[in-house]
Amino acid sequence: MSDPIGSTTAPEIETETDHDQDAVSDAGTTEPETSDPTIASVSDPVVEARDLTVHYDDVQALQPVSMGIPDGEVTAIIGPSGCGKSTFLRCINRMNDLVDAANVDGEMLFEDKNIYDEDVDPVALRRKIGMVFQKPNPFPKSIYDNVAYGLKVRGDTDNLDERVEEALKRAALWEEVSDQLDKSGLDLSGGQQQRLCIARAIATDPEVILMDEPASALDPVATSQIEDLIAELAEDYSVVVVTHNMQQAARISDKTAVFLTGGKLVEFDNTQKIFENPDHQRVEDYITGKFG
Ligand SMILES: Nc1ncnc2c1ncn2[C@@H]1O[C@H](COP(=O)(O)OP(=O)(O)OP(=O)(O)O)[C@@H](O)[C@H]1O
């Protein structure tokens, strides 16, 4: 089912050349066009922030961020507490709309449209850019209904059983719950609940899955299952993960964005480069545990 995020045809958007090039350079170029060598060039980003800033009332939480989210890869967002990681993540599917004090400026492009345009429906947007939170938050409903929820809400109920099964399989939960789909989602273990939330997010066939510390409330075994699952999900989706755990970022991601205090994106590059040879001394100090 076609499920546009906007109610009208996309308006003209500015071209790359209209923009300040100290950000991410764009699609299809082999030569990085950015004037900032510490921000990687991303070809054909699935989502792209352009000069995105966030204030909470008068307090600036994000300095202008320009970066593309690579398509079909895992992007980790790391940085010390309070540097704006979750704030940036929530901008990608307009979750900050739910925070009264939050004010977002700049652009976040998805499907050739600024998601902050007035005609974009945030609910439709969140079906395409789903989110999984730190604390598993299944609905107080059966396992089946948790997964079917988003599809039922939009009246998209053809082959519902098959699609619920498929989402649970993709979330690596099917084998554990296939004979108890009527059981409450709240009666599962923490790790199972988180995989149920992932199944719920992927049931609506999103393009991007945002994860805010998805394993930080889980034990090591459940954490390892979620990490394996993230790698599998990247075969079908673009995944963006906020994590405090640098080893986890190094294990699971293809690219890493480092935000530092003051809400500044300081470096964004291939994960191996960030962890082995970052361009910024401050990034190296953070990676090696000198602060944060
Ligand atoms: N709802 C809010 N109202 C006011 N200020 C907020 C709100 N949410 C976040 N902030 C502030 O914005 C800044 C960035 O917060 P954010 O939660 O994005 O950082 P973070 O890097 O994700 O932190 P952590 O790693 O501790 O979760 C912080 O100074 C925080 O206090």
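Helices and strands here are DSSP runs, of at least four residues for helices and at least two for strands. With that settled, I opened this predicted model.

**Entry: the annotated span.** I started from the UniProt record, an unreviewed entry, which places "domain: ABC transporter" at residues 47-287. I looked up the make-up of residues 47-287 and found 37% helix and 27% strand. The end C-alpha atoms of that span lie 26 Å apart.

**Entry: the ligand shell.** Next I checked what surrounds the ligand and got 13 residues, the closest being Tyr 56, Ala 61, Ser 81, Ser 86 and Thr 87. By class, the shell holds five nonpolar, seven polar and one charged. Helix H1 gives the most to this shell, with three residues.

**Entry: Cys 91.** H1 covers residues 85-91, so I turned to Cys 91, which lies in that helix. Is Cys 91 buried or exposed? I count it as buried because 26 other C-beta atoms lie within 10 Å, and the cut-off for buried is 20 or more. Leaving out residues up to four places away in sequence, Cys 91 touches Leu 52, Val 54, Asn 96, Val 104 and Met 108. I also noted Thr 53: 38 residues separate it from Cys 91 along the chain, while their C-alpha atoms are 9.5 Å apart.

**Entry: the sheet.** I then traced an open sheet of six strands with mixed pairing, in the order S6-S7-S8-S3-S9-S10. At its edges I found S6 (129-132) and S10 (264-270), each pairing on one side only. Neighbouring strands are turned by 15° against each other on average, direction ignored. S7 (residues 208-212) and S8 (residues 238-242) pair in the parallel sense over five bridges; Val 208 has Ser 238 in S8 as its bridge partner. Helix H6 (residues 190-203) packs on the sheet, touching S6 and S7, and its direction makes about 170° with that of S6.

Technical notes
Residues are numbered from 1 along each chain as its sequence is written. This is a predicted model: local features need pLDDT of at least 70, side-chain atom pairs count only at pLDDT 80 or more; totals for chains, interfaces and linings use all residues. A residue is buried if 20 or more other C-beta atoms lie within 10 Å of its own, exposed if 12 or fewer, and partly exposed in between; C-beta atoms are placed from the backbone. Two residues are in contact if their C-beta atoms, placed from the backbone, lie within 7 Å. A residue is near a molecule or strand if its C-beta atom, placed from the backbone, lies within 6 Å of it. Ala, Val, Leu, Ile, Met, Phe, Trp, Tyr, Cys and Pro count as nonpolar, Asp, Glu, Lys and Arg as charged, and the others, Gly among them, as polar. UniProt positions are given in the numbering used here, feature names are shortened, and annotations may be inferred rather than shown by experiment. Two strands pair if DSSP finds at least two bridges between them. Axes are lines fitted to C-alpha atoms, for helices over the stretch in contact, and angles run from 0 to 180 degrees between N-to-C directions.
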